[in-house]
Amino acid sequence: MIRDARVLRAGFVPREVEHRDAEVNHLSSVLEPITNGEPADTAIVTGPSGAGKTCISQFVTERLREEVLDVEATYVNCWRNYTRFRTLYQILDDLGATIDIHRQSTPHDELVDRLQQHDGPRTVVILDEVDQLEDPSVIYDLHSLPQFAIICIANKEEELFSRVDDRLVSRLRSSEHVRMDKYHDEQLYDILSARAKWGLDEDVIIDDQLYRIADAAAGDARLAIGILRTAAGKADRENHERITDDILLDAAEDARAQIKQKSLDSLTPHQRVVYDVVREHGPVGPSEIHERYSEDVDDPRTKRTIRTYLSKMEQYNLLEAEGTSRDREYSLVDSAAASPMQ
DNA sequence: TTTCCACCGGAACTTTAGGTAA
DNA sequence: TTACCTAAAGTTCCGGTGGAAA
């Protein structure tokens, strides 16, 4: 049933990108100077989740590396590498320059120095989910190094700009912006159809089912491909010749649950207790959350720390807050209710 | 309209934990 | 072993905001 599982994986970069010609050309033109050995401008790629931001950034970078011999590329997910240290470390690690760097005893400045001294080929640095950085000054660090071309990927440019200081805002505003919208259902259908063509045997899934996945994913290509992957995997395990409607229904729920579980796995034990309090008692106010949380753990953190946890979980789209002041209440985000499979 | 107070989040400070070097 | 260094996590303090009550 599954002809090529790679095609259905989340991080797969296709040979051809569907419906993003303008954005691909725009980003390619920003990186163009690199082909002549000159420094390139910083690019900012913005758009909603699943709009193909990471995909086109990697696609353009890959294509550049095919054209030019002396170009390196490195990818950093700033959600997982959210501190300045981890981001810089990840880049140095990709360049093979971290042998004698240690997490606790190497100062930040030494990592920047190390990057400055990097005398290898010009390097494209893709900073994905850059709005998740705790300390965005790392963008400034990289911006000042001409041998690195930076692609900053974020959901909303306002959120990115609101978190950086003035000197960086003025620099980023003069950067090239590539703005991307959600995919339409027809476009999502084309993407799914191409993935199904290369990844699955013939007649495993019918057009109507692909349209329903596109509809349920509501413009999010990552979710759409996730549903297709989950459905194909389940049908394969259960020895079906084709994907049935029941399998598709389950896959839509599973794909959403997997995305949520990924966020839950990144929580610390204390954060998890806070999440569970909201899950069991929400909608619930901050005072009650702290009260119940304090009953459930041996060494409770302060209210201020809990506020930081809550705000982090809001960013992860695990919780949502209503009200602005004394009427503030937190509850779980019900992602499944957003766009159920028909 | 004023006052009270829960809540938010920035800034500065402290504690913790892991690593180095003598 | 110990003194010292650093990043990360947590705490304290405090000004701003906005809903509720006087």
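A nonpolar core is a set of buried Ala, Val, Leu, Ile, Met, Phe, Trp, Tyr and Cys residues joined through side-chain atoms within 4.5 Å. This is a predicted model, and its largest nonpolar core has 32 residues. Ile-213, Leu-228 and Ile-243 have the most contacts inside this core. Helix 8 (185-199), helix 9 (207-217), helix 10 (221-237) and helix 11 (245-265) each supply at least two of its residues. Helix 10 gives the most, with 9 residues.

Take Ile-243. Not counting residues up to four places away in sequence, Ile-243 touches several others, including Met-1, Val-204, Ala-231 and Leu-248. In soluble globular proteins, nonpolar side chains tend to be buried together.

Now the rings. The structure holds 3 aromatic pairs. Two of them are tabulated here.

| Pair | Centre to centre | Angle between planes |
|---|---|---|
| Phe-85 and Tyr-89 | 6.1 Å | 15 degrees |
| Tyr-189 and Tyr-211 | 4.2 Å | 5 degrees |

Planes under 30 degrees apart count as stacked, so Phe-85 and Tyr-89 form a stacked pair at 15 degrees. Both lie in helix 3 (residues 84-94), 4 residues apart, about one turn of the helix. Phe-85 is buried at 11% relative accessibility. Tyr-89 is partly exposed at 28%.

Tyr-189 and Tyr-211 are stacked too. Tyr-189 lies in helix 8 and Tyr-211 in helix 9, so this pair ties together parts 22 residues apart in sequence. Tyr-189 is buried, at 11%, while Tyr-211 is partly exposed, at 34%.

Charges also meet rings. The charged end of Arg-20 sits over the ring of Tyr-183, 4.0 Å from its centre. The charged end of Lys-312 sits over the ring of Tyr-82, 5.8 Å from its centre.

Notes:
Residues are numbered from 1 along each chain as its sequence is written. Chains are lettered from A and ligands numbered from 1 in the order in which they are written. This is a predicted model: local features need pLDDT of at least 70, side-chain atom pairs count only at pLDDT 80 or more; totals for chains, interfaces and linings use all residues. Side-chain values use heavy atoms; hydrogens and water are left out. Buried means under 20% relative accessible area, exposed over 50%, partly exposed in between (1.4 Å probe, protein chains only). Contact means heavy atoms within 4.5 Å. Rings of Phe, Tyr and Trp (its six-membered ring) pair if their centres lie within 6.5 Å; planes under 30 degrees apart count as stacked, over 60 as edge-to-face and the rest as tilted. A charge sits over a ring if NZ of Lys or CZ of Arg is within 6 Å of the ring centre and within 35 degrees of the ring normal.
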